[in-house]
Every structure is written in C-alpha cells, then in structure tokens.
Amino acid sequence: MAQDSAGDDDYVDWNTDDDLEIDNFQSSPSPVHSRADTLVGVAVTTSSLSSPTTETTDLVQMGFSDEIFATLFDMGFPVEMIARAIKEAGPNAETSVIIDTISKYSSDCEAGSSKSKTIDHFLAMGFDEEKVFKAIHEHGEENMEKIANALLSCPEAEKVAEVKEEDDIDWSDDEINYADLLISDDEEDPNSSNENGNQIRSLVRMGFSEVEASLAVERCGKNVDIAELTDFLSAAQMAREFSEFHTDPEEQKPRHDVKKRRLESNRESRSSVDDEPVRLPNPMIGFGLPNEPGLITSRKLPELARGPPFFYYENVALAPKGVWETISRHLYEILPEFVDSKYFCAAARKRGYIHNLPINNRFQIQPPPKYTVNEAFPLTKKWWPEWDTRTKLNCILTVTGSAQLTERIRTALEPYTGEPEPPKHVQKYVIDQCRRWNLVWVGKNKAAPLEPDEMENLLGFPKNHTRGGRMSRTERYKSLGNSFQVDTVAYHLSVLKPIFPNGIKVLSLFTGIGGGEVALHRLQIRMKLVVSVEISKVNRNILKDFWEQTNQTGVLIEFDDVQNLTNDTIEKLMERYGGFDLVIGGSPCNNLAGGNRVSRVGLEGAQSSLFFEYCRILDVVRARMRRS
C-alpha cells in the first residue's frame with residue numbers, strides 16, 4: 001500500500017520496498033549547513049573539483065533538490081552534465097526529463113569523441129579513465145581480457161569507500177549510529193571470511209559503497225548469495241526521488257495523545273526489546289505457500305486479539321533493529337509473518353504482516369501468477385541470453401535505470417555480437433547492472449527497465465490500473481513501487497471468503513492504489529463498504545476508477561488523512577454501518593530505513609509514527625465491536 005503523510009494533495013513517495021534498510025544518503029559536512037551547502041559539497045566531492053563550477057553554483061541558487069541531484073549522480077551521470085541539464089530543464093522538471101536531457105548530451109559527446117573503441121568500451125562499463133589508460137598501456141589495446149582482469153583487480157573499492165565514508169555518511173545525525181540499527185544479531189565481522197570479502201568486492205564493483213556492502217552482508221547473513229544482497233541493497237535506490245516527502249516540521253499536524261503514550265511505552269521497553277529480537281526466517285515463506293504443506297498449521301493468539309474484527313498490518317521486513325518488536329508489542333504481541341513475494345510471483349517483495357486471520361484453508365487466486373520473468377513477459381524469451389540466468393526480478397522500485405545505463409550495456413556487448421557469448425567480465429558487468437535495476441531484454445544487446453504496465457503485471461494489478469487520468473508516468477512508478485503485491489495479500493485474505501459469504505465491510509488505512517481492495521475483488525469477496533483513507537489525490541482517483549470500472553455495488557467513502565479520522569468519526573461510521581469486519585493497512589516506512597536523509601529515527605519519525613494512528617484506530621474499532 002502507498003503510505004500516508006501529514007501533507008495535503010501532493011503525491012508522496014514513501015519508498016517501500018526491501019526496504020530502504022541501508023544507510024545510503026548524502027549528508028552535509030555539518031548538521032547546521034544549509035541544503036544549498038550540501039549540494040555544493042556533493043558536487044565538489046563527487047566531481048573531484050577544487051571549487052564549485054558556475055553550473056553548480058547557479059543550481060544551488062535555483063534551490064534545486066540535492067536528493068534528486070544525488071539520484072542522478074548515483075546513476076552514473078557526470079556532475080557538470082547534471083548541472084547543465086537541470087539548468088536547461090528548470091529546477092521543477094521531472095527527473096525523467098532531466099535524464100533524457102543528460103542522455104542527449106551523452107550522445108553528442110560520444111559522437112564527437114576521439115577515444116579508441118577499447119577506451120570507450122571500458123569507460124562505458126564505469127571504470128576510472130586513468131586506470132583504463134594505465135591498463136591499456138601495460139597490456140596493449142588488443143588484449144581485452146587482460147585489461148579487464150587488471151581493472152577488476154584494481155583496489156578501486158578503496159577509493160569508493162573513502163569518498164562514501166567521508167562525504168556520504170553522517171553517523172552523528174541525531175546521535176544515532178545507524179550501523180547499529182541495521183546489523184543483525186550475528187555480530188560477526190563481514191570481512192572475517194574470504195567468501196564475505198568476495199561478496200563485498202562484487203557489490204562494490206556493481207556501484208555500491210563498501211559501507212553499504214558490509215552492512216548488507218551483516219544484515220542478511222553470511223550464507224546468502226549475491227542476488228539476495230543485491231535485492232537488499234537495490235531498495236535504497238527508491239530513496240533517491242523523495243524531494244516530495246520532506247515535509248517541513250513546522251507544517252506537521254499535532255498527533256493524537258495515543259502516539260505520545262505509545263512512544264513513551266516504546267522507550268521504556270526498548271532495552272527488553274533488544275534482548276528478544278524478532279529474527280527474519282530464511283526462506284521467508286511465512287506460514288506456508290500455495291500448493292505446499294504449511295510449516296505452521298495453527299497458532300495461539302492472545303485473548304485480546306481473537307475474533308472479529310479482523311486486522312491486517314503490513315510493513316517492510318528489513319526494518320532497523322527493534323522496529324518489528326515494537327510493532328508486535330503494540331499489536332497485541334502477535335508475531336509477524338514474514339513473506340517474500342518471489343514465492344508468489346516473478347519479483348521479490350520482502351514484507352512483514354501482523355494479523356489475526358486464520359491460517360488454515362488459504363487458497364490462491366485464479367488464474368495464478370507467472371512465476372518466472374520469461375513466463376510473465378514471453379516476448380523477452382527471444383532476446384534473453386543464456387548467460388543471464390535470472391528467473392526472478394529483485395524488488396520493484398520507484399525509480400528505474402537511466403537511458404545512459406542501457407546505452408552503456410549496449411556499448412559493452414556490441415563488440416562481441418558475432419561471438420557465441422561475450423567474455424566473462426562483460427557478462428558479469430551486464431548481469432550486475434540488470435539485477436540491480438531490474439532490466440529485461442527487449443532486443444539484441446538491448447536491456448531496458450520495466451514499464452509501468454509490466455510492473456502492474458508483476459504486482460498482480462489489472463492492466464492499466466494506474467494509467468489515465470492526471471497520473472504521470474513518474475507517478476505510476478512511485479505508486480506501484482509502494483503498493484501491495486496483490487497475489488501475496490490475497491493468499492492471506494482468502495480465509496475470509498467462507499467467513500463472510502454475503503460480503504465484507506472494510507476500513508482501509510493508507511490505501512494507496514487499492515492493493516487490498518483489488519485482492520478482495522480478485523477473491524470474489526463482495527465489498528459492502530470500504531472506508532478508505534489515503535493522502536494522495538492521484539491514488540484516490542485510481543481507487544475510484546477501479547471501483548467504478550469493476551461495477552462494485554457497495555459504498556465507497558474516502559478520507560484524505562488518518563489524523564482526520566477522529567475517534568468520534570469512527571464511532572459515527574460504525575453506528576451508521578454496523579461496524580467493520582476488516583481493518584487493513586500499511587503505514588509509512590521511510591523513517592524505518594537509511595535511505596531517508598531527513599530523519600531515520602524509526603517509529604518516532606514524523607511519517608512512520610503514523611503506525612500509532614493505525615493502532616489508535618484499530619483500538620477504537622475493536623472496543624466498539626466488543627461493546628456491541
């Protein structure tokens with residue numbers, strides 16, 4: 001589900017998936033520096049210039065977002081080119097427009113370049129120009145294999161790590177060491193084995209910093225493969241387009257007292273939480289999968305959590321240490337069910353679910369989803385190279401690979417068009433980038449990002465669910481990247497069908513683009529009433545369109561903010577409609593993850609603290625139902 005905020009109708013990108021658990025942010029040299037100073041610092045650091053250029057200085061004066069600047073730089077674009085493109089397109093231009101402008105510059109530069117094909121080849125793969133020249137000088141321009149091995153064996157990770165550690169990571173922010181929040185309970189040094197060291201070096205060569213790579217190995221464990229680590233790290237890319245969700249603290253609405261009480265309780269019991277951590281299972285299959293015997297067939301719920309109204313809460317599985325313990329404690333001490341949607345479809349989506357639903361007699365919606373990429377997108381089979389062994393995509397993000405990246409891949413592959421397959425070092429480079437950015441093959445030597453309709457397919461939504469109206473392509477990516485994976489959620493909700501044969505009344509919090517409603521519809525469970533709460537106007541329009549186009553006969557009532565859904569309003573709705581059968585929602589996660597550069601304070605953050613609004617509303621509903 002998309003997340004809620006304290007804003008008005010502006011679209012908010014809460015950046016869910018998998019789940020912003022890495023501290024991957026640009027920071028100012030000092031917490032008191034202005035955003036403009038931060039932007040200049042990023043420009044100077046990353047371009048190795050001694051002073052800001054005219055373009056970057058003008059950019060600062062224009063007030064352009066340093067977060068989006070960092071996004072573009074992480075995609076591999078030169079600083080000067082980014083500044084030039086932003087200046088031409090304007091500070092309010094969409095990121096996709098800026099990327100297209102930069103790509104045009106890149107094409108012009110390539111057309112007029114006098115560098116040799118060998119130099120272009122390795123520069124396109126992202127290697128440092130000085131190292132490329134040195135390797136060519138030592139091994140000769142014709143010996144591509146030796147040049148590649150020399151470049152891959154270079155201690156380039158040290159340079160990346162040095163820049164990232166000194167300029168990108170600000171461990172002093174709010175006096176919290178986010179490395180401590182992100183590591184697993186296994187405190188073993190990730191560099192303690194050659195295998196882990198190789199994994200870190202591989203991730204560094206893919207473009208991640210050594211700090212990020214080390215944290216990923218610590219958090220995911222020493223036995224996971226490189227694909228899992230890449231999936232874990234790729235989620236941080238979603239944090240790169242979030243200028244919209246940085247709300248001025250002075251504009252935040254006052255929270256209800258319940259938040260304060262719950263936070264105080266959270267602080268008092270934090271030490272005990274750390275003593276009994278919630279461990280992520282491996283594999284992440286919850287209580288079982290469709291068509292396979294369940295590992296858990298029964299569970300004993302606390303007395304306060306039993307029976308209707310049912311509730312279903314979702315958030316990112318890979319949250320900082322202690323978050324799920326707090327969530328569980330405030331939701332009747334129910335332990336989360338952790339599920340990776342790669343077992344339900346062709347893409348990963350690691351989520352934790354806390355609910356009081358029965359777990360027996362679940363069934364899968366029909367027709368079942370496609371489980372591999374080639375099955376989901378059969379046209380890719382023709383072009384999919386045998387050496388790309390991926391069958392699943394990593395987490396669906398809210399940002400996509402750039403045109404420049406796909407051009408680099410084409411450039412890297414074209415010299416080997418007539419050969420059975422490219423050299424191993426080229427294969428590794430291409431597959432690493434495809435895995436990181438979820439690229440699929442759409443032609444000979446042509447890898448491309450997923451289109452919004454392909455994302456709808458993978459996530460279980462109807463075709464064109466997010467298309468039309470006033471929703472831009474960028475907004476479609478954002479909304480889909482923050483949604484439920486419908487097939488996974490429907491499997492859990494399927495137990496409601498025999499319980500409510502005549503229909504169900506739903507209170508839907510942080511509705512997003514209606515993943516829960518789509519799941520119920522696909523299960524053929526009639527929705528007699530849906531009270532939906534969603535901050536984004538474009539998302540509310542999507543739900544209304546879905547409601548009308550699927551000929552729903554029930555009542556749809558919409559609110560724009562959970563904080564406007566007062567206890568008195570809930571009581572009146574329940575008095576009028578006879579209560580709710582299901583309370584469903586997934587609150588904001590951006591304060592739970594390192595990708596947010598503004599506040600990383602877990603459930604105490606301005607956005608993610610809206611979890612306590614879910615608890616407040618659920619308490620009111622359950623108390624009213626008990627009195628009835």
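Predicted model: local features only at pLDDT ≥ 70, side-chain atom pairs only at ≥ 80, totals over all residues.

Q: What makes strand 6 and strand 7 a pair, and in which sense do they run?
A: Two strands count as paired if DSSP finds at least two bridges between them, and strand 6 (residues 504-509) is joined to strand 7 in the parallel sense over six bridges. Residues are numbered from 1 along each chain as its sequence is written, and side-chain values use heavy atoms, with hydrogens and water left out.

Q: How do you know that strand 7 also pairs with strand 8?
A: Five bridges join strand 7 to strand 8 (residues 555-559), and the two run parallel; within this pairing, Ser532 stands opposite Glu558 in strand 8. The strands themselves, like the helices, are DSSP runs numbered from the N terminus (E, at least two residues, for strands; H or I, at least four, for helices).

Q: Why is strand 7 described as largely enclosed?
A: A residue is buried under 20% relative accessible area, exposed over 50% and partly exposed in between, with a 1.4 Å probe and protein chains only. Six of the seven residues of strand 7 (residues 527-533) are buried, and therefore the strand is largely enclosed by the rest of the structure.

Q: What is the handedness of the unit made by strand 6, helix 24 and strand 7?
A: A crossover is right-handed if, with the strands pointing away from the viewer, the path from the first strand over the helix to the second runs clockwise. Strand 6, helix 24 (residues 515-522) and strand 7 form a right-handed β-α-β unit, and strand 7, helix 25 (residues 537-549) and strand 8 make a right-handed β-α-β unit as well.

Q: Why are strand 2 and strand 8 said to stand at the edges?
A: The open sheet has seven strands in the order 2-3-1-9-6-7-8, with mixed pairing. Strand 2 (337-340) and strand 8 each have a single partner strand, so one side of each is left without a neighbour in the sheet. From one strand to the next, the twist averages 20°. The antiparallel sense is found between strand 1 (residues 310-316) and strand 3 (residues 350-355), which pair over five bridges, with Tyr312 and His355 as bridge partners.

Q: Why is helix 16 called largely enclosed?
A: Eight of the eight residues of helix 16 (residues 323-330) are buried, so the helix is largely enclosed by the rest of the structure; among them are Trp324, Glu325 and Arg329. After helix 16 comes Tyr332, whose phi is positive, near 65°.

Q: How do the axes of helix 20 and helix 21 lie relative to each other?
A: The axes of helix 20 (residues 452-459) and helix 21 (residues 473-481) come within 10 Å and cross at roughly 15°. Angles under 35 degrees count as roughly parallel, over 145 as roughly antiparallel, 65 to 115 as roughly perpendicular and the rest as oblique, so helix 20 is roughly parallel to helix 21.

Q: Why does Val204 count as buried?
A: Val204, which has its place in helix 11 (residues 194-205), has 6% relative accessibility and therefore counts as buried.

Key:
Axes fitted to C-alpha atoms, helices over the stretch in contact; angles between N-to-C directions.
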